[in-house]
Amino acid sequence: MAIITYREALNQALSEEIENDPNVVLMGEEVAQFKGSYKVSEGMLEKFGPDRVIDTPISEAAFSGLAVGAAMMGMRPVVEFMFWSFCYVAFDQIFNNAASIRYMSGGLINVPIVFRGPANGGTNVGATHSHTPENFAANTPGLKVICPATPADAKGMMKAAIRDNDPVCVMENTILYNMKGEVPEENDYIIPLGKANVLKEGKDMSIIAHGKAVHSSLQVAQTLEEKHNISAEVLDLRSIRPLDVDAIIATVKKTNRVLLVEENKPFCGVDSQVAFIIQDQAFDFLDAPIKRISAIDAPQAYSKALENIQIPDHDRILAKAMELV
Amino acid sequence: MEGLHHDTIIDPPNSDLSENDTDSLKSVEDTKQTVDGDIGKDFSQSEANKLLTKEEKLNLYEQMIRIRRFEERSLRSYQQGHIGGFLHLYIGQEAVAVGSVSMLGDDDHIITAYRDHGHALAAGMEFDECMAELYGKKTGCSKGKGGSMHFFAPDKNYWGGHGIVGGQTPLGLGIAYALKYNKKKGACLCFMGDGATNQGPFYESLNLASLWNLPVIYIIENNGYSMGTAESRHSAGDPLAKRAEPFDITWSVSSGHDLFEVRQTISDALKSAHENSRPSVLEIVTYRYRGHSVADPDQTYRSKEEIEEYKTNKDPINLLKEKLLNEGIVTDTELKEIDIKAKGDADASAEFADASPYPDPSELMDDIYWETDNPDNKTSEGIMFFETPQ
């Protein structure tokens, strides 16, 4: 198995699916000639030409809506947002049109589209470029939402998203783009949506996370084990909608203590729903109240001094984990 | 007069203009001037219309009268409490949808906004499925899940029915993009109102349409009012279609009261789309007799006299009727029979809708995702829905 970066894994997924299906195109700002603002689509213009890898003007509403219209006609467009934060100027196209047209047409029209791009804070770019809208998207029936956290998942889940017949929002992370990992090379390497992954087995508590928070959680689990003799299980949700409720309940029943970690803001964040599900379906298995840690509830700060404390880091997660035992 | 629709104050017909075959798409420089000159021009013998047979003309008349009778019947049903929500009636604007759609070929497509009954029926949708949709019934075209603003018939190249003002303008662009990508010689007619010309995505779409040479035809059905706000109060610059100019998109202004003029206008734009893959912006001046939605107050922003003036002098159905009678190709009796049948079918559709069942509560969860509707082909795992009917 080759060791490649998260970025290269995405590139492989996109390239393979463009090769597999003539209906797949990639469009967005700077995806072609500029090679992608984060180089995800590097080399693809040369390989597939300007009909398949398409530079757009800075017009998120128009190119998102254009892609929805093309998807209604049977194409499978992949729309890159340079940042998911920019989807806010295309909200109507994603949250009304892509999400609702199938329903409002009584199932006559499908919208097989992928919206993708990075959705994360922590890069010192201020509030407008640091949004994590996975909770908005997951709150909208009609949309699917995934947050791959590893290079292998980036490839397998992106391929699943492109082959999916419904709109899928793929939330990546600029900080993970350089992360390396083993990634299977086969063309049909697919990781189904809605399947969580136990990244570390444990017995004393469960840390449930998605996106980059998975990696901070793994570090904390290691510290817990090495310094406190606490065995923590780490569950990567991978997919927000659909959600692997069985995996969540299974880990809770196994460890009886839960810490939820996310880089989303707290109010009506993804983990609000996860916490509700746990108390609803596994209340009797809980030996302690559910603990939760998320981004500090302020607009994302520019200054590194502030932003560094805003996103849950090793020490803050560790402190919260220690409250559980 | 402040707030008065501009169409009421244009100059009277210019009798000098009897040339029939001039393209209705004007060059940028002379558009405004020529548009005024077109008023009163007879388009019935223009290129797009001269070969129409009696049957075809009667059919166009029938389509217009059927849309009107359908909507009049739906208004009664609304007043009787059978239809909820909004009911945006197209009455007065029928020539625009019927004239436009009548020019389309197999690879041409249609998308519109929320005042969509006329376009849907012109595209070939049936009274029963449309009326039942208004009633929120299972037999509706969208199984009662779309309502008045969201009629769809992709099998008839009709892509809705969209509720957010201007939200359909990028979708129409995407339909045109897909046609071009698949090397079809087709176009997408994207209908919108005058109010939608003030939404940002429209301009983003114009830029892309021109930049990428996409065969999309934006039809601004200018009925003079963006809900209750007159054009003079909502839009800077005149005419609205001129806003296409900085994008190097051909534009024109024409009358939507005259079915034949609409057909010629669309024909010219289709030619440009089919042969050169170029977009157009067509402002078609028309008028709606009813409120923005039927429950809205009408007298706060326009006068009864203004509405009466349109009904008396510019009604598209009456104008066509007069033309057909003057041509001597139909009799009053033939036209009356068409009307009687339309009314009967409209009444029958209301009975059909009334007798149809409401959707079952379990159907609330259908049609959300392709995948949950096709469990045998499911690829995902996990839970998709977090609250469902008991």
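This is a predicted model: local features need pLDDT of at least 70, side-chain atom pairs count only at pLDDT 80 or more; totals for chains, interfaces and linings use all residues.
View 1. The domain assignment, automatic or from a database, divides chain A into domain 1 (2–183) and domain 2 (197–323). Their centres, taken over C-alpha atoms, are separated by 26 Å. Residues are numbered from 1 along each chain as its sequence is written, and chains are lettered from A in the order in which they are written. Local features need pLDDT of at least 70 and side-chain atom pairs count only at pLDDT 80 or more, while totals for chains, interfaces and linings use all residues.

**View 2. Where domain 1 of chain A touches domain 2 of chain A.** In contact (C-beta atoms, placed from the backbone, within 7 Å) are 24 residues of domain 1 and 24 residues of domain 2. On the domain 1 side, two or more residues each come from helix H5 (134–138), strand E6 (144–146) and helix H6 (151–163) of chain A; helices (H or I, at least four residues) and strands (E, at least two) are DSSP runs, numbered from the N terminus.

**View 3. Helices H6 and H7 of chain B.** H6 (residues 168–181) and H7 (residues 200–211) of chain B pack at about 20 degrees, with axes 8 Å apart. Axes are lines fitted to C-alpha atoms, for helices over the stretch in contact, and angles run from 0 to 180 degrees between N-to-C directions. H6(B) is therefore roughly parallel to H7(B) (angles under 35 degrees). H6(B) contributes Thr169(B), Pro170(B) and Leu173(B) to the contact; the residues from H7(B) include Phe202(B) and Leu208(B).

**View 4. The contact between chains A and B.** Chain B gives 41 residues and chain A 43. H6(B) gives the most to the chain B side, with nine residues.

Key. Angles under 35 degrees count as roughly parallel, over 145 as roughly antiparallel, 65 to 115 as roughly perpendicular and the rest as oblique. Two residues are in contact if their C-beta atoms, placed from the backbone, lie within 7 Å.
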